[in-house]
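Dear colleague,

I am passing on the structure below, and I would be glad if you could look through it alongside my notes, which follow directly after it.

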Amino acid sequence: MIVPGSALRIVVATRPVDFRKGHDGLAAVAANELGLDPHSGVIVVFRPKRCDRIKILLWDGTGLVMAYKRLEQGRFAWPSVRDGVMRLSRAQFEALFEGLDWRRVWGPRVRKPAAAG
């Protein structure tokens, strides 16, 4: 699996795309429809109408990388269909890629220290 650094932005294109598109077609969708620069290091996750597939597009500094995954059983948990993008944390992205429900993943909780008394 492609493991992004903590500094990278990870976004999901919430509207399904035509999965016949390759690197250039998905980069065009990211730029023209989503307003993202696909060469900026952002990781863009695309969904089809079928919920058992995923395509990921990212720039690694030397070229566009596209990853494609199809689940043999089950479905990916996708956000509701609407225009635009939705940001994911690294932990949510990893859960999504593994076919888990990313909506159940929460970031670290910061607890305030008890006042010394």
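Val85 touches Val11, Val12, Ala13, Thr14, Leu34 and Leu36, leaving aside residues up to four places away in sequence, where contact means heavy atoms within 4.5 Å. This is a predicted model, in which local features need pLDDT of at least 70 and side-chain atom pairs count only at pLDDT 80 or more, while totals for chains, interfaces and linings use all residues. Residues are numbered from 1 along each chain as its sequence is written, and side-chain values use heavy atoms, with hydrogens and water left out.

Val85 lies in strand 5 (residues 85-88); strands (E, at least two residues) and helices (H or I, at least four) are DSSP runs, numbered from the N terminus. Val85 counts as partly exposed because its relative accessibility is 33%, the class between buried (under 20% relative accessible area) and exposed (over 50%), with a 1.4 Å probe and protein chains only.

Strand 1 (residues 10-13) runs parallel to strand 2, joined by 3 bridges, and two strands pair if DSSP finds at least two bridges between them. Within this pairing, Val12 stands opposite Val45 of strand 2.

In strand 2 (residues 43-46), Ile43 and Val45 point one way and Val44 and Phe46 the other, and all are buried. Strand 2 is also joined to strand 3 (residues 53-59) by 3 bridges, here antiparallel, with Leu57 in strand 3 as the bridge partner of Val44. These two strands form a hairpin with 6 residues between them.

Best regards
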